[in-house]
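Hello,

Here is the structure I promised to pass on to you. Have a look at it first, and my notes on what turned up follow below.

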Amino acid sequence: MTSAPDILIVGGGLGGVAAALAACRAGRSVVLTEETDWIGGQLTSQAVPPDEHPWVEQFGTTASYRQLREGIRGFYRQWYPMRSEALALTQLNPGAGRVSKLCHEPRVALAVLEAMLAPHRASGRLTVLTEHRAVQAESDHDTVRAITLEDLRDGSRRTVSASYVIDATETGELLELADVEHALGAESRAEFDEPHAPDEAQPLNQQGITVCFALSHHEGENHTIDRPADYDFWRSYRPDFWPGPLLGFSAPDPRSLEPVPRTFVPNPELDPLDVAADQSADAGDKELWGFRRILARKLHRPGAYDSDITLVNWPLNDYWLKPLVGAGEETSAQALAEARQLSLSVLYWLQTEAPRADGGTGFAGLRIRPDVTGTADGLAKAPYVRESRRIKAVTTVTEHDVAIDLVGPYGGTKHRDSVGVGGYRIDLHPSTGGDNYIDIGSVPFEIPLGALLPRRMRNLLPAGKNIGTTHITNGCYRLHPVEWNVGEVAGALAAHCLSDGVEPHQVQSEDKRFEQFARILDRAGMQRHWPDVRGY
């Protein structure tokens, strides 16, 4: 391993991988770390198919993110026994899920991400340390000098120094370790005058986490798991803002908060070629089996698969009783353990008590799929984390920049220093502070470079949900393509600053220097401005 790489990237999620690719393309030596044994974060170890804006097939992503998407499609075309009609689709949706135009299995994304990194590992520029986490940071005034990493397999430690350090962790771990000024939870309304912010700051009010898992269904078989230890609690739990028990098929509509029944019919006969995924027209979350389906058996030759595979990331298994971040290691561990028990309880309820369309109860043929998630118990390797610590940034994106009710359907802040684009509704799930869904229409937005710059620190950059957003605007900046875009910019910026002998703050503040950096982004295929599209 390079003892002192040019760039250390802590966190191997989508932002971390994108940062590594950008830095290695620029010829820099990189060490990339990851807590689990899978790189890819949201897309792999958290098992969440991509949440994307409705124009994703035409524009609105970086070229390398598009390469990732097409690599996933190509993997299915090359290796899976697909029907000829499916093979012919240029916009193949392997799972025919309704949440995304590209629903797929975590392992396929992992294979493609590994392939994208492979040339840089072979060259010696990139070292990947899986099952490592940061435990200590050494800082000197406004500069991070070194990060100490712990090998989670044997407890051994190593210290890595680097000219630039990129925090691509899921919860902004380095911001805490390196004493970087940051926000956590909900800001007060007074701070940014956001209409949906609470009157007082609530640092421990954070979006719920979800421990996802995959299911197939095999009629006539019994795959019922052992009764989870906390099942009685979760079976009787009824949130104040919920229309009934959490373990049930009735839940609020995120946009209207009105009670809406969900349906659950495993392995429907509908031809998956007839499924359309468009979040701007239909959230797609009312029919649970098809919502996040990641393998559609009817896209393949007859007899190849006896069941679809669906990914359970539903209202039923969102966990919000304790915060994951900021309340101490013991509380964090309890939150994760309880979230895992909730997901297992959802599965057991589905297998034993869930109402069936035929009047019966329980789907004993539901089988959790450890082979899909790469774990012994079938739960995802890591929780789906929607909210992180966030840097106190040179530029903070607020509700006034993106909310459609405030800026109009064609509005939104145009940033002089835009380094990318994104689009999604402001989508906040129920929170540890007792909030119901906060789901607000938003406009296609730009990503200002100033949101990637801590106000004080000179050589630490964020590469994920830890950029300069608020509790509210994180709701639309937290999705897969934006995290990738942010990471790619962070890696490119660190490499550029090393090559030109400048600091990130100079690149952002000085027009000529920013124009030089923007040309690098443009050549790399990073779209920095939107065409004329309407928010939803």
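Let me start with serine 188, which is buried because its relative accessible area of 15% falls under the 20% cut-off. Please keep in mind throughout that this is a predicted model. Serine 188 sits in the loop that runs between strand 8 (182–183) and helix 6 (189–192). If you set aside the neighbours within four places in sequence, the contacts of serine 188 are with Ala197, Pro198, Asp199, Glu200 and Ala201.

Next, the open spaces. The largest pocket has a volume of about 1100 Å³. Its lining takes in 40 residues, and Glu35, Arg133, Thr171, Glu173 and Ser332 are the closest to the centre. Strand 2 (30–34), strand 4 (132–140), helix 5 (173–177) and helix 9 (329–352) each give two or more residues to that lining. Helix 9 provides the largest share, with five residues. Sorted by class, the lining of the largest pocket holds 15 nonpolar, 15 polar and 10 charged residues.

Of the 24 residues around it, Asp285, Phe291, Arg292, Asp427 and His429 are the closest to its centre. The lining of the largest cavity is made up of 11 nonpolar, three polar and 10 charged residues.

Finally, a word on helix 2 (residues 63–79). At 1.5 Å a residue, its 17 residues should span 24 Å, and the end C-alpha atoms are 24 Å apart, so the two values agree. Which residues of helix 2 are buried? They are Ser64, Tyr65, Leu68, Arg69, Ile72, Arg73 and Tyr76. As a reminder for reading that list, an α-helix has 3.6 residues a turn, so residues three or four places apart point the same way. The cover over the buried residues of helix 2 includes helix 1 (14–25), helix 4 (106–123), strand 13 (293–295) and helix 14 (480–500).

Happy to go through any of this with you.

Best wishes

Methods. Residues are numbered from 1 along each chain as its sequence is written. This is a predicted model: local features need pLDDT of at least 70, side-chain atom pairs count only at pLDDT 80 or more; totals for chains, interfaces and linings use all residues. Side-chain values use heavy atoms; hydrogens and water are left out. On a 1 Å grid over the protein atoms alone, a cavity is a set of points where a 1.4 Å probe fits but cannot get out, and a pocket is an open set with protein on both sides within 12 Å along at least five of seven lines; lining residues have an atom within 4 Å of a point. Ala, Val, Leu, Ile, Met, Phe, Trp, Tyr, Cys and Pro count as nonpolar, Asp, Glu, Lys and Arg as charged, and the others, Gly among them, as polar. Helices (H or I, at least four residues) and strands (E, at least two) are DSSP runs, numbered from the N terminus. The expected span of a helix is 1.5 Å times one less than its number of residues. Buried means under 20% relative accessible area, exposed over 50%, partly exposed in between (1.4 Å probe, protein chains only). Contact means heavy atoms within 4.5 Å. Grid points are joined across faces, edges and corners, and a volume is the space filled by probe spheres set on the points.
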